[in-house]
Amino acid sequence: MLAVQFAAAHPETRALVLLSAHGGGLDTVRLGCRAGHLAQDRLDEMVAEAERLVATGQGRTLMLFPGWWYVLSAESFLDRLRNTPDTLAAAPRITCPSLYVRGDQEDPEVYPAEEFARRAAAPCTVVILDRCDHFYRGCEDAVAHTVVKWLRETLGA
């Protein structure tokens, strides 16, 4: 997601590889929650708690989220909610070729490969891996092969 922002700001970038890059923007946390990630159905509760912690000077307190595999500080959670750069909005400024890989078990609304490709100013190759989750479990070789092959074809050996 941050690579998109970098490539949009640096037109000299030769190629961009995105592995399950989320759409970003102000809806990214809500979409993730609907998909069962982060705060899941407790978003309002978790936002209120994070805001309380920040307001009382405890913004660096770590919080556990029901649909997340690691902790976030209260202030970093609110930052993610309110300031995540918009990947799709940046796509028209991507002037280098890009590869966007996503697993077929990932929500296309959260990881919008096809929409990114449609909006990108330069060609974007979309690869959806079969029987593949967000962590690419069991698909590691396919991911590596896909990326290396695309980079060789795009940039030369």
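**Close-up views of a predicted model**

**View 1. T146 on helix 7.** T146 counts as buried because its relative accessibility is 16% (buried is under 20% relative accessible area, exposed is over 50%, and partly exposed lies in between, using a 1.4 Å probe and protein chains only). The residue sits in helix 7, which runs over residues 140–155 (helices are DSSP runs of H or I with at least four residues, strands are E runs with at least two, and both are numbered from the N terminus). Which residues does T146 touch, once those up to four places away in sequence are set aside? They are L99, V101, V127 and L129 (a contact means heavy atoms within 4.5 Å).

Residues are numbered from 1 along each chain as its sequence is written. Because the model is predicted, local features need pLDDT of at least 70 and side-chain atom pairs pLDDT 80 or more, while totals for chains, interfaces and linings use all residues, and side-chain values use heavy atoms, leaving out hydrogens and water.

**View 2. The chain behind the close-ups.** Take a step back here, and you will find seven helices and five strands in the chain. Reading along the sequence, their order is α-β-α-α-β-β-α-α-β-α-β-α. The C-alpha trace spans about 55 × 35 × 25 Å along its principal axes. Of the 157 residues in the chain, 42% are buried. Among contacts between residues at least 6 apart in sequence, 70% join residues at least 24 apart.

**View 3. E51 and R82, linked across the sequence.** The whole structure holds 10 salt bridges, and this view shows one between E51 and R82 (in a salt bridge, a side-chain nitrogen of Lys or Arg lies within 4 Å of a carboxyl oxygen of Asp or Glu). The closest N and O atoms of E51 and R82 are 2.2 Å apart. The pair links distant parts of the chain: E51 belongs to helix 3 (residues 43–55) and R82 to helix 4 (residues 74–83), 31 residues apart. E51 is partly exposed because its relative accessible area is 35%. R82 counts as partly exposed too, with 40% relative accessibility.

**View 4. A helix-to-strand bridge: E114 and R102.** Look here for the salt bridge between E114 and R102, whose closest N and O atoms are 2.9 Å apart. E114 is in helix 6 (residues 113–119) and R102 is in strand 4 (residues 98–103), so the bridge ties together parts that are 12 residues apart in sequence. Are the two partners buried, or partly exposed? R102 counts as buried because its relative accessibility is 4%, whereas E114 is partly exposed, with a relative accessible area of 41%.

View 5. R137 is exposed because its relative accessible area is 55%. D133, on the other hand, is buried, with a relative accessible area of 14%.
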